[in-house]
Structures are given as C-alpha cells and as structure tokens.
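Please keep the sequence and the structure at hand while reading.

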Amino acid sequence: MTQHTIPPVTPSPTIPPAPLRSRTGVTGLEPGWTVEDSVDLYNIRLWGKGFFDANSKGHVVVRPEKIPGTEIDLLEVVEGLRERGLSTPVLVHFSDLLQRRLLDMHDAFNTAIKENNYKGDYVGVFPVKVNQQRRVVEEIRQYGSPLGFGLEVGSKPELLAVLGMTSDSAERLIICNGFKEARYIEFTTLAAKLGRTIIPVIENLTELKLIVEMGEKFQIRPRIGVRVNLSTPGAGRWRHSSGAKAKFGLSYAEVLEVLEYLRARGMEDCLQLLHCHMGSQIHDIRQVNQGVNELARIYVQLVKLGAGMKYLDVGGGLGIDYDGSQTSFEFSTNYTLAEYAATVVYRAMSVCDEEGVPHPTIVTESGRAMVAQQSILIFDAIGANRPDRGAVPAQLPALKANEEELPRPLVELFDTYKSVTERRLIEQYHDACEARDEAGRLFSLGYLSLEHRALCDSIFWATCARIRDKCREVEEVPEELEDLESLLSDTYFCNLSIFQSLPDIWAIHQLFPIVPIHRLGEKPTRKATIADITCDSDGRIDRFVDDRDVKKFVELHDFAEGDRYYVGAFLVGAYQETLGDLHNLFGDTHVAHVKHDGTGQWWIDEIIEGDAVRDVLNYVHYDLNALQAQIRRECEKAVRLKQMTASESQSLVRLYESGINGYTYLEPESNIGN
Ligand SMILES: Cc1ncc(COP(=O)(O)O)c(C=O)c1O
C-alpha cells in the first residue's frame with residue numbers, strides 16, 4: 001500500500017461539474033419525482049442522523065457537523081479522485097465527522113453527569129480493533145485528547161502501535177484486554193513505569209500472577225482491571241459475549257479469588273477497574289440498564305471488600321441505527337446516544353448511592369458508535385442482468401421441415417404470455433410455471449431443442465414480468481405473487497469485493513444503507529440486488545434497509561454501457577476494513593481522507609492508495625521477478641516460432657508489467673497497453 005499526503009488545500013470549485021446525465025440516453029426522468037422522494041425512498045434522513053442528506057442536484061451530501069449548508073457533495077469527491085487517477089472502489093473517510101462523533105459522545109455523557117449531579121468523570125476509550133487504520137487511530141487520539149479519551153487494545157500489535165503513538169499523552173487511559181502472555185505483561189508493566197496510565201484487564205488467573213511478578217521485578221505497583229462475566233443475558237447477534245458460555249471474563253468466584261490473591265500480597269489497592277462487555281450492537285436499552293446495574297452491584301461490593309476501585313468500565317455495545325427505524329431490530333437501536341449515556345450514568349449512580357460508595361469514573365469502550373458513520377465505500381456499476389427484458393418474438397417460429405408441431409409447453413407459454421389479465425393473475429402464473437417445468441422435463445429427455453428451450457425461458461420470464469406489472473396496479477397483491485418483484489429483480493454487477501470491503505454482509509448478514517450517490521432527482525426504475533466481481537456466488541448483497549422490514553432488492557437507476565453509475569455503502573467505518581480478506585486477490589481499496597473548512601470548501605487531506613497487484617501477489621509469496629522473467633522467455637519463444645511478432649511480444653511484456661503495478665479492481669478507463 002503506497003501512501004502520500006497531498007499538502008495543498010484543493011478547494012472543491014476547481015473540480016468541474018460531474019456528468020450528471022447519461023450520455024447514452026438512458027434516463028429515469030419521471031415528471032413529479034423529486035430529490036425529496038429519493039431521500040424518503042432510501043430513508044436517508046432516518047439513518048443519516050443529520051450527517052447525510054441530498055442536495056438540489058440530486059447528489060448525496062455529507063454534513064460532517066450536521067449543519068445544513070456546510071456540506072460535501074459525494075459525487076464531487078469521487079470525480080475529484082478520478083482526476084487524480086484514483087478510480088472506484090474507494091473508501092472515503094470524513095475526519096470532521098469523526099471529530100463530531102467524539103464530541104457528541106463526550107457531550108452526551110457530560111450532560112448526563114450534570115443532570116444527575118454525578119460526582120465521577122467520564123472517559124471514552126476507543127477499542128482499536130474496531131478500526132486499526134493508522135490515520136483513524138491518530139485522529140481519535142488527536143480529537144479525543146482534549147476530551148480525555150483513551151484507547152483500548154486487545155493484542156500485542158495493537159498495544160505496540162498505541163504505545164508508540166501516545167508518547168505525548170501519558171495521562172490518557174490505555175486499557176489492555178485480550179489474552180496476555182509474559183511478554184505482553186512485561187510491556188504493560190514497563191509502560192506503567194514509563195509513566196503511562198495503562199491498565200491490563202485480566203482474563204484469567206495466570207495473567208494475574210504474571211502481573212504481580214512483573215510488578216515485583218520492576219518495582220512498580222500496577223493498576224489492574226478485571227473483566228467479569230455478567231449473568232445478565234446478552235441480546236442480538238453478540239448475545240454470547242456475556243452469560244454462562246461467554247468466551248471472556250471471570251466468574252464471580254474468580255473475581256473474589258483475584259481480590260484475595262492481591263490482598264494476600266497487600267496489593268488490593270491495585271485492583272482499580274471493573275470491566276464487562278455485554279456484546280456489540282446492543283439494540284435494546286433494557287439490556288444496558290440491567291447490565292450496568294449488575295456491574296455496579298459487583299463494583300460496590302469490591303469497594304466494600306477493600307479493593308482500590310476507581311473505574312467502572314461498561315465495555316462496548318453502543319449501537320448504530322443502520323436502518324433508521326430506531327427500533328429494537330438487531331440492526332437498529334431503540335435508544336439514542338443521549339438515552340444510552342443517561343442510562344449508564346443513572347444506573348451506576350443509583351447503585352453507588354444506595355450503598356454509600358463514591359461514584360466511579362465511568363469508562364465506555366464504544367467502537368462502532370464512534371467510527372461507523374465516518375466512512376463510505378463508493379463503487380461503480382459495471383453491468384446488469386435484467387431478467388424481465390428477455391426478447392419475445394411477435395409470433396412463434398414457423399415449423400421446420402422435420403417438425404410436425406411446436407412443442408406444447410412453448411405454445412402454452414406463448415398463449416399465457418399474450419393473455420395476461422388482472423382477473424386471472426394467480427392462475428396464469430401457475431400455468432406459466434407448469435409449462436416452464438414441462439419444458440425442462442422434455443429437454444432433459446431429449447425431446448426439446450436448445451432453441452425451443454431457450455425460447456420457453458424467455459417467454460416464461462416475460463410472462464412473469466407482465467404479471468408483476470399488473471400486480472403493481474392492483475390494490476392487494478396475492479401472497480403467492482409477492483415474491484415476483486425480487487424474483488424478477490436485476491442483478492447489478494459492481495466493481496467491489498464484498499469479502500474485502502463489506503465482510504460483515506457475507507459473514508453475519510449485516511445491513512448497511514446502500515444508496516446511489518447521484519441521480520436522486522430521477523426515479524430509480526429498476527429493482528436490483530448487487531453482485532460483486534469475485535468469482536463467488538456469496539459475493540452479493542441481497543438484503544437492504546427498509547423502513548418496516550428488510551428489502552430483498554434496492555431501487556436503482558437504469559444505466560447503459562459507458563455511463564458512470566456510482567453507489568455508496570454507508571456507515572461502514574466499523575470492523576469492515578481489517579476484517580476483510582483477499583478473496584480472489586482483490587486487495588485493499590483506495591482510501592481518501594476528506595476534510596472541510598465549514599464553509600463548503602473541502603479538500604483531500606490524504607490519499608492512501610489501495611493494493612496494487614504486486615502487493616497482493618507478494619502477500620501470497622509469489623516471486624514477481626521470476627514471474628516476469630518467465631513471461632519474457634515465453635514471449636521470445638513465441639517470436640522464434642513465429643506465433644507472434646516482436647512488437648506483439650513487447651506489448652504483452654509491457655501489459656504484464658503495468659498489470660502488476662495496477663489496481664486489483666477493474667479499471668474501466670485504463671489505457672491498456674500504453
Ligand atoms: C472488550 C470489547 N470492548 C469493546 C468492544 C467494541 O464494541 P462496539 O464496537 O460494539 O462498541 C468490543 C467488541 O466486540 C470488545 O470485545
């Protein structure tokens with residue numbers, strides 16, 4: 001991955017207006033359709049939470065500070081990147097939006113603290129695993145420092161990165177979760193000696209012993225945290241993060257054992273932090289309420305037993321309202337950030353007050369909620385399969401010399417196709433299905449020619465399309481025909497890898513808002529699922545945000561070959577970047593970090609170029625020199641054998657070399673061979 005910073009500010013007005021309309025004449029212009037209709041259709045304002053909207057040109061805009069008018073036009077960004085030689089797919093980060101999120105979290109907790117007259121502080125720590133990209137972590141450190149934010153790590157690589165980049169902020173909290181061996185603990189102990197506010201959270205008793213030993217060896221009293229496994233049942237997809245079968249955390253008995261072990265060495269004051277993690281994307285506020293209550297109950301008991309408790313760490317889990325429904329659906333949340341903060345603060349306070357225990361510093365490890373909104377993945381459509389556009393002839397083909405009659409299913413299908421009427425929709429659908437099945441049977445027995453079989457298929461789909469169109473006109477669609485819309489939906493082939501860029505769609509059926517970033521003033525006339533360019537049928541998106549349910553297709557605009565049509569996957573800043581893999585050797589996409597000055601002027605602050613083919617081949621241990629030498633040798637041999645001319649062989653050598661340095665994704669506008 002190459003990386004370079006573009007130092008001078010490049011204001012947006014230098015970028016020429018993007019081609020708004022299709023050059024090839026495909027339009028979705030429908031009188032009466034407005035940008036507002038598109039905003040409603042895609043629920044942009046519901047999941048956008050003030051950060052996303054559309055402008056009068058019909059382009060999606062980002063409002064990093066949620067202030068109408070101070071916004072960045074996404075299409076301008078994409079066109080600006082193209083001018084700099086960077087094609088889609090591209091991941092666009094909005095630094096100012098990230099900063100706004102940190103401020104929002106800080107404000108929400110501070111408001112809750114003030115309103116409840118809570119005596120303790122709030123510290124947000126960012127779990128680095130949620131987005132380890134250097135630039136993102138640096139920004140969180142930079143914007144979070146004045147707000148008192150810290151960082152959380154879960155492995156040695158994360159710890160070493162964080163230790164190296166936080167030397168100027170020794171007082172900022174570093175929380176170390178995850179499994180730890182002696183070396184990891186040596187790092188945390190020496191970092192503490194260096195003056196860092198670092199707290200290893202023990203996951204098992206072996207770690208505790210190592211921490212105590214290292215403390216003795218380096219003559220330092222360590223700060224220690226303990227992760228408890230709550231009995232409050234989890235909810236949603238990550239419900240197993242707590243409860244009897246949880247992977248992490250100590251039982252109540254083990255927590256007491258930790259305290260006794262420390263007390264026996266006069267170190268009970270070292271136990272300062274109590275941590276739990278109730279699961280990610282908690283969608284129901286009642287779970288937060290119950291979990292914090294249980295955690296606070298343990299906390300007050302530990303204080304009474306003599307531990308030096310200071311921090312109540314409620315872990316991560318603050319959710320994102322991916323579909324904008326603000327319900328307890330698993331990809332939504334039935335609470336707001338303010339309500340979350342108020343619940344945590346109030347619960348912790350009431351338990352402590354009941355037991356006469358001083359209010360602790362509340363720590364959250366919210367990751368998703370900090371970074372999800374700041375990134376958008378933008379990709380281009382490269383083609384489409386439209387099953388309802390099969391050509392049906394005006395008449396059935398004439399009989400050939402060796403034919404006595406046309407096959408029955410073909411004739412029946414054609415009759416059904418011609419006579420589709422609103423009054424007999426179900427019956428005609430059954431007729432079409434039966435005839436199509438019969439055609440399949442005859443073909444497998446060798447009684448139907450390939451031409452007739454193909455014609456049967458085309459007529460079948462065209463009949464379904466007619467029935468679907470009639471369904472759109474009737475008041476109530478018969479249940480049996482409800483699936484016709486998705487059955488007939490297009491497949492839009494798009495230049496991305498789900499496995500690399502949106503792995504949670506594949507792994508856990510995550511919902512992200514998927515929206516075209518332009519042409520919103522035109523009615524999207526097609527219903528489509530999205531297929532990526534990997535050779536894997538799992539590489540598709542077929543679940544989309546809806547206001548009441550999950551849709552099996554998304555409305556997109558028609559486009560013709562040569563048109564540029566860009567689609568954005570929103571709220572993708574959490575977990576997607578490093579969880580992605582190299583399936584088919586599609587590598588990291590380009591990343592652009594965009595900033596703005598609050599007056600509508602934006603610039604690209606940093607570009608991190610995506611993987612070149614050479615990067616991914618190196619990753620899987622190919623010797624590029626050997627590969628190139630082999631191609632050159634083979635070309636020479638072909639010239640010798642007069643299979644190719646010398647200049648053709650040179651073209652292939654050059655093409656191979658430029659391919660090795662090229663993007664792993666499709667580059668439709670690349671000048672191959674030059
Ligand atoms: C210990 C711990 N803290 C924090 C987080 C971040 O959770 P989230 O991104 O849901 O806030 C996780 C993620 O699973 C975690 O395991």
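## Helix packing and ligand shell

In helix α21, the residues Leu 624, Gln 628, Ile 631, Arg 632, Cys 635, Glu 636, Ala 638 and Val 639 meet Ala 646, Ser 649, Leu 652, Val 653, Tyr 656, Glu 657 and Ile 660 of helix α22. Contact here requires C-beta atoms, placed from the backbone, within 7 Å of each other. By class, this contact has ten nonpolar, two polar and three charged residues. Nonpolar covers Ala, Val, Leu, Ile, Met, Phe, Trp, Tyr, Cys and Pro, charged covers Asp, Glu, Lys and Arg, and the others, Gly among them, are polar.

The model is predicted: local features need pLDDT of at least 70 and side-chain atom pairs pLDDT 80 or more, while totals for chains, interfaces and linings use all residues. Residues are numbered from 1 along each chain as its sequence is written.

The table gives the geometry of two helix pairs. Axes are lines fitted to C-alpha atoms, for helices over the stretch in contact, and angles between N-to-C directions run from 0 to 180 degrees.

| Helix pair | Axis separation | Crossing angle |
|---|---|---|
| α21 (residues 624-640) and α22 (residues 646-661) | within 9 Å | roughly 165 degrees |
| α4 (residues 95-116) and α5 (residues 134-144) | 10 Å | about 50 degrees |

α4 is therefore oblique to α5, and α21 and α22 are roughly antiparallel to each other. Angles under 35 degrees count as roughly parallel, over 145 as roughly antiparallel, 65 to 115 as roughly perpendicular and the rest as oblique. The crossing of α21 and α22 is right-handed, and α4 also passes α5 in a right-handed crossing. Right-handed means that the near helix is turned clockwise from the far one by less than a right angle, left-handed that it is turned anticlockwise.

From α4, Ser 95, Leu 98, Gln 99 and Leu 102 meet Glu 139, Ile 140, Tyr 143 and Gly 144 of α5. Four nonpolar, three polar and one charged residue make up this contact.

Around the ligand there are 16 residues, of which Ser 280, Gly 316, Glu 365, Gly 367 and Arg 368 come nearest. A residue counts as near if its C-beta atom, placed from the backbone, lies within 6 Å. The shell divides into five nonpolar, nine polar and two charged residues.

Overall, the protein has 22 helices and 24 strands, taken as DSSP runs numbered from the N terminus (helices H or I, at least four residues; strands E, at least two). The C-alpha trace spans about 105 × 70 × 55 Å along its principal axes.

Key:
Contact = placed C-beta atoms within 7 Å.
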